[in-house]
Amino acid sequence: MFFPKNYRNYFAGTFYLLGLLLLFSCQSQKSKFTGPVDRYELAKEGAWCWFADPRALHYENEAGTINKTYIGYIDIHGNIKASQYDFKTGEAQEVLVRSWFQPDDHDNPTFLVLPDERVMIFYSRHTDEPCFYYRVSKKPGDITDLGPELKIETQNNTTYPSPFILSDDPDHFYLCWRGIGWHPTIARLSLPDPEGKVEVVWGPEQILQSTASRPYAKYTSNGKDKIYLAYTTGHPDPTMPNWLYFNSIDIHTMELKDVAGKVISKLGEELHHVAATPEYKTEQPNAVVDGTELRDWLWQVELDKDENPVIAMVQINEDKSSHDYYYARWTGSEWQKTFLTNAGGHFHQSPDIEKCYSGGMAIDDQNTNELYCSVPVDGKQGKVYELIKYTIDEQGQVETDTLTKDSERNNVRPYIIPNRNNSPLKLTWMYGNYYDWIVSKERPLGYCTSIYADYQLKRETVDLTSGLTFNETAPKTFEIPQTEEFSVFLDLELDTAAYSGELLSAGKLAYGLEGESMKTYLRFGEQIYRSNNVLGNSDRWTARSRGTNGQWYAPTKYPSVQATLVYSKGELTVYVNGLVDQLVSLPEFNEQQLSLDAMVRRIKGCKIYNRKLNYTEISTLSEN
């Protein structure tokens, strides 16, 4: 088995009404950058919270057959999405993992590469449903072909899935989350079987009990036998003082320990009680990172080259108007705090909510003395949150390097791609305006941001005239090229009053919509391949009150949709509005004529190619 040097978050073997106009204006935002670092838009619509990780990761195998980066996010329409970047081929894809989900940035997906190199994607609603959802790729390292959506049932509501595989226990994975009593929770689960199913084999168990109602935890691991967590007394908004703590979990004994290795409790047998009090600090001095009289919050915990913990943290004043960034590290005998900079107040555009939302911090897992911070800076566009790199030496001296400059909108919630090895794609972040963590009638724009990065993958050539055999609006018949590869792009106006039945057919092939579930399907002969996804979104949330209440509001039907069918190497890939939705093996496909069915009210455009369109071309067609 092969274990990369910095393998901490996973281990591998030889292994998307009211407020709609505002929403559309959010989609059409354009960016203009003049800063010193090249920046590239990876996803036009997307956001994430910072307590579910890894929200992105890089994976390379020892055989050299896989070299990919996966980045996950959720948009304001409730689409959970993931981008896949292949550094071997230069190919990029954006995948619709789950449509019609709660439009809440806490629901961003997280990733785990399995020992057989399949990729597992986790997601959940924001603490109002007792389960996790997940999908497992059918092919090693390739999330364009995902298995069905499955569930991990829990007794308590969940959020923030953080998965780990550790080399000392290669037959299981560990999942940490906010669960029992809104507290840090852990379980051991079996690896997915060939159908993707898993079982909980130990737990869930509550890790600790705080005097505050909602401790916030961040996790990492050494990739071998320990999971580490840094956590607060509670949410800093109602909690002051709000302390910061650190513990580890030994997976052999399931013991909770302090930073010096002292056993504090055994999970499942006794519950460790945490309090922001002098008595607790006296009793557990090595469990307390910072015993402030103010409000601490944290952004990341990592391990340095000596496996000593380092923490990106923020300290917020009494009225929440001023946030200070700190870097905390365990020297081997004590916690050392280094002040980095004042981070202003809350970064977003809504003045009366979430005053503890800082711009954000990220630690480089390969250079743990380097942090990337979102800081308000006066520039040509006024005060905008920019990204600045902070480097801390052994004496606690700090050097800075400006990464973005004179941006039109905020650059926030940076994230370093973990385990990136030699990948040039290192830094990702959210760019744009932000009004709330959830879409509602109070703030229908929600988290109106894009995902940006410091590197642009080699883009495929875009030539939308090459191989074009048909280009018409409102055509009556379509001829499919009799070639080994073809692509069909359709811009369709749909009948939302009769939202069921087939959209198109070609001999034995049909593509349609099941009326009750509103999920699409491919039928080929007698075989039906159902999509995981509803042909609709969560825009109905823009007419609902703010909050997480466990409700599933009916999907908003699409009045129009762009469907692209790409056939290549015996596989048919279906894109819905530019996102990969289904991939089906059809090695004997030889149908010649395509027709559209009753559910289609009007064809706004049709383009047919005698070749495989690449993702960039499909995206370009969908945008136009």
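D116 is partly exposed, with a relative accessible area of 39%, where buried stands for under 20% relative accessible area, exposed for over 50% and partly exposed for what lies in between (1.4 Å probe, protein chains only). Its salt-bridge partner R118 is buried at a relative accessible area of 10%, and the side chains of D116 and R118 meet at 2.8 Å, N to O; a salt bridge here is a side-chain nitrogen of Lys or Arg within 4 Å of a carboxyl oxygen of Asp or Glu. Salt bridges with shared partners also join D168, K224, D225 and K226 into one network.

This is a predicted model, in which local features need pLDDT of at least 70 and side-chain atom pairs count only at pLDDT 80 or more, while totals for chains, interfaces and linings use all residues. Residues are numbered from 1 along each chain as its sequence is written, and side-chain values use heavy atoms, with hydrogens and water left out.

Side chains of opposite charge can pair when their charged atoms come close. The structure holds 34 salt bridges, and three of them are set out below.

| Salt bridge | N to O distance |
|---|---|
| K44 and E623 | 3.9 Å |
| E94 and K81 | 4.0 Å |
| D116 and R118 | 2.8 Å |

The side chains of K44 and E623 meet in a salt bridge, and because K44 lies in the loop between β1 (40-43) and β2 (56-60) while E623 belongs to helix α3 (residues 615-623), the pair ties together parts that are 579 residues apart in sequence. Helices (H or I, at least four residues) and strands (E, at least two) are DSSP runs, numbered from the N terminus. K44 is partly exposed, with a relative accessible area of 39%.

E94 forms a salt bridge with K81, and this pair links strand β5 (residues 92-98), which holds E94, to strand β4 (residues 80-86), which holds K81, the two residues being 13 apart. Both E94 and K81 are buried.

Helix α3 is largely enclosed by the rest of the structure, because seven of its nine residues are buried. These buried residues are Y615, T616, E617, I618, S619, L621 and S622, and they pack against β5, β36 (486-494), β43, β44 and β47 (600-609), contact being taken as heavy atoms within 4.5 Å.

Two strands pair if DSSP finds at least two bridges between them. With antiparallel pairing, six strands form an open sheet in the order β35-β46-β37-β38-β39-β40, and its edge strands, each of which pairs on one side only, are β35 (478-479) and β40 (527-534). Within this sheet, β37 (residues 501-506) and β38 (residues 509-513) run antiparallel and are joined by five bridges, and S505 has A510 in β38 as its bridge partner.

A cis peptide bond runs from G203 to P204 with omega near -5°, and P204 lies in strand β14 (residues 200-206). Another cis peptide bond joins M240 and P241 with omega about 5°, P241 being found in the loop between β17 (226-232) and β18 (244-250).

Positive phi values occur in residues other than glycine as well: phi of E117 is near 75°, and E117 sits in the loop between β6 (110-113) and β7 (119-123), where it counts as buried at 7% relative accessibility. E307 has a positive phi of about 65° and is placed in the loop between β23 (295-303) and β24 (309-316), but E307 is partly exposed, with a relative accessible area of 40%.

The second largest pocket has a volume of about 640 Å³. On a 1 Å grid over the protein atoms alone, a pocket is an open set of points where a 1.4 Å probe fits, with protein on both sides within 12 Å along at least five of seven lines, and lining residues have an atom within 4 Å of a point. Grid points are joined across faces, edges and corners, and the volume is the space filled by probe spheres set on the points.

Of the 26 residues that line this pocket, E91, Q93, D142, T144 and K612 are the closest to its centre. Two or more lining residues come from each of β4, β5, β9 (142-146), β43 (560-568), β44 (571-576) and β45 (579-585). By class, the lining has nine nonpolar, eight polar and nine charged residues, where Ala, Val, Leu, Ile, Met, Phe, Trp, Tyr, Cys and Pro count as nonpolar, Asp, Glu, Lys and Arg as charged, and the others, Gly among them, as polar.
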